[in-house]
Amino acid sequence: LARVTDVAGPIGAAMVAAKASNGAGSASSAGMNSGNVRVYVRLRPPTPIDLDQGHTTVAVDSETNTVLLRCGRRDEQKSFTFDGVLGDSSSQQQVYDMSSTSAVADCASGYSGSTYVYGQTGAGKTHTVFGPTSPSPAAMERDPNRGLVCRALEQVFADMERRKREDRNISFACNCSFLEIYKEQIMDLLEPASISLPIRSDSVRGVYVEGLCEPEVSSLSEACSVLWRGLQNRRTGATHMNERSSRSHAVFTISVEATETSPDGSVATRTGRLRFVDLAGSERQRTSPEGISTDGLGSAALSVSSAAGSAVGLDKDAKTSSLRVREAGAINKSLSALNNVILSLSREERLRNKQMSSSSLSAPGGGDAGASRAFVNFRDSKLTLLLKDSLGGNSRTAIVAHVSPSAASAGESLSTLQFAARAKDIRCTSVPNVKLASAADGLQGEAGSLRQQLATD
């Protein structure tokens with residue numbers, strides 16, 4: 001799907017060696033991990049600044065699904081293998097086909113799926129999920145570089161129309177919601193006045209946000225209008241790494257309810273949910289000699305053209321910088337909680353595999369009877385609590401890790417790749433969400449309603 005990023009010197013030679021040693025094992029390992037979280041890596045195209053600095057830090061090979069990173073003072077080379085990798089020339093359609101299309105195809109059958117994008121700020125996460133900024137919903141819907149959400153909506157409505165043509169006894173309802181987590185507060189992007197919404201949980205709905213607006217949409221155009229409206233309300237701001245940096249985590253959810261009536265009058269209702277999670281990126285804060293963080297301000301932001309305006313300009317810059325610092329602190333805190341959850345789930349899965357292996361050697365057929373389940377703290381942040389079901393729960397989950405080719409971002413790229421490597425160990429058990437009701441149940445409900453009417457009369 002993607003060409004090997006051109007690299008010269010030692011990292012290029014290492015990539016050739018990795019291709020020779022890893023080529024045979026890549027496809028088989030991908031098949032064995034069908035129950036695990038699927039992890040992919042996308043390399044952002046180099047910017048003019050990257051080209052000036054040299055962008056030979058990262059190389060990817062889509063044939064072996066290998067990423068090579070050169071980092072550290074000694075230019076140490078680290079190799080990572082994932083379920084799929086995409087180079088800097090990859091298209092939005094290629095990312096969608098690799099990460100999301102299979103989960104979307106099963107949504108109308110009652111399965112849930114989640115796609116996360118993770119990585120440093122400025123690595124292209126929001127572009128992957130939502131595409132470029134569009135002046136209108138219609139322009140966003142037609143944009144050849146539209147993101148994963150638009151493409152998922154296209155597939156969802158196409159599948160619903162196809163199934164209705166094939167079976168007249170089936171009907172569909174589609175709802176969408178769009179929220180952001182900003183400084184540990186959940187806010188409804190479709191109803192900006194709804195802030196500090198609480199997270200609830202029950203046996204029927206699982207984890208959900210109380211009071212969240214979930215409008216029903218009957219067409220692709222309506223759904224794109226909902227998405228576009230929410231994007232206008234999302235918080236962004238300029239930082240040192242990105243002029244339009246996302247200052248919040250965003251979650252767009254598509255819910256599809258399929259109701260099928262059989263000839264005997266029984267009704268089966270299948271509910272599938274798709275979540276697309278744009279995680280805000282981490283960014284280290286830098287401090288100017290005056291003690292003011294310059295992240296997102298640049299050197300020009302701290303300079304003034306006249307003595308009269310210097311105090312006002314500096315005060316404004318200080319307030320903006322202070323806000324960016326608080327935002328970054330909240331982002332980093334929630335990302336740290338997410339990393340801890342991923343680490344705990346990864347350790348748990350490795351321990352379970354080790355115990356199962358020991359049990360099978362000592363007592364064939366023993367299975368996982370001796371496996372113990374470790375405690376995983378999902379309540380350290382709103383982000384991890386909200387996404388509990390898709391992290392090792394009932395979901396087909398994919399993570400698209402984004403890395404920058406910039407040499408200055410080598411440390412953040414290494415952290416991103418290590419996070420992605422740990423996430424590969426997590427297993428998810430996806431089962432359809434089906435509710436069955438017989439004709440007798442319907443008659444009993446109708447009889448109960450009639451009795452209530454007679455009692456009131």
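Is Lys183 buried, partly exposed or exposed, and what is its relative accessible area? Select Lys183 to begin: this residue is partly exposed, at a relative accessible area of 34% (buried is under 20%, exposed over 50%, partly exposed in between, with a 1.4 Å probe and protein chains only).

Before moving on, note that this is a predicted model, where local features need pLDDT of at least 70, side-chain atom pairs count only at pLDDT 80 or more, and totals for chains, interfaces and linings use all residues. Residues are numbered from 1 along each chain as its sequence is written, and side-chain values use heavy atoms, without hydrogens and water.

Lys183 sits in the loop between S7 and strand S8 (185-188); strands are DSSP runs of E, at least two residues, numbered from the N terminus. Its phi is near 50°, a positive value in a residue other than glycine. Most residues other than glycine have a negative phi.

Next, select Asn65, in the loop between strand S2 (58-61) and strand S3 (66-71). Here phi is near 55°, again positive. Asn65 is buried, with a relative accessible area of 11%.

Now show the second largest pocket, with a volume of about 810 Å³. A pocket is an open set of points on a 1 Å grid over the protein atoms alone, where a 1.4 Å probe fits, with protein on both sides within 12 Å along at least five of seven lines; lining residues have an atom within 4 Å of a point. Of the 34 lining residues, select Val204, Arg205, Gly206, Thr271 and Arg273, the closest to the pocket's centre. Finish on S14, which gives the most to this lining, with five residues.

Technical notes. Points joined across faces, edges and corners; volume = space filled by probe spheres on them. Helix = DSSP H or I, 4+ residues; strand = E, 2+ residues; numbered from the N terminus.
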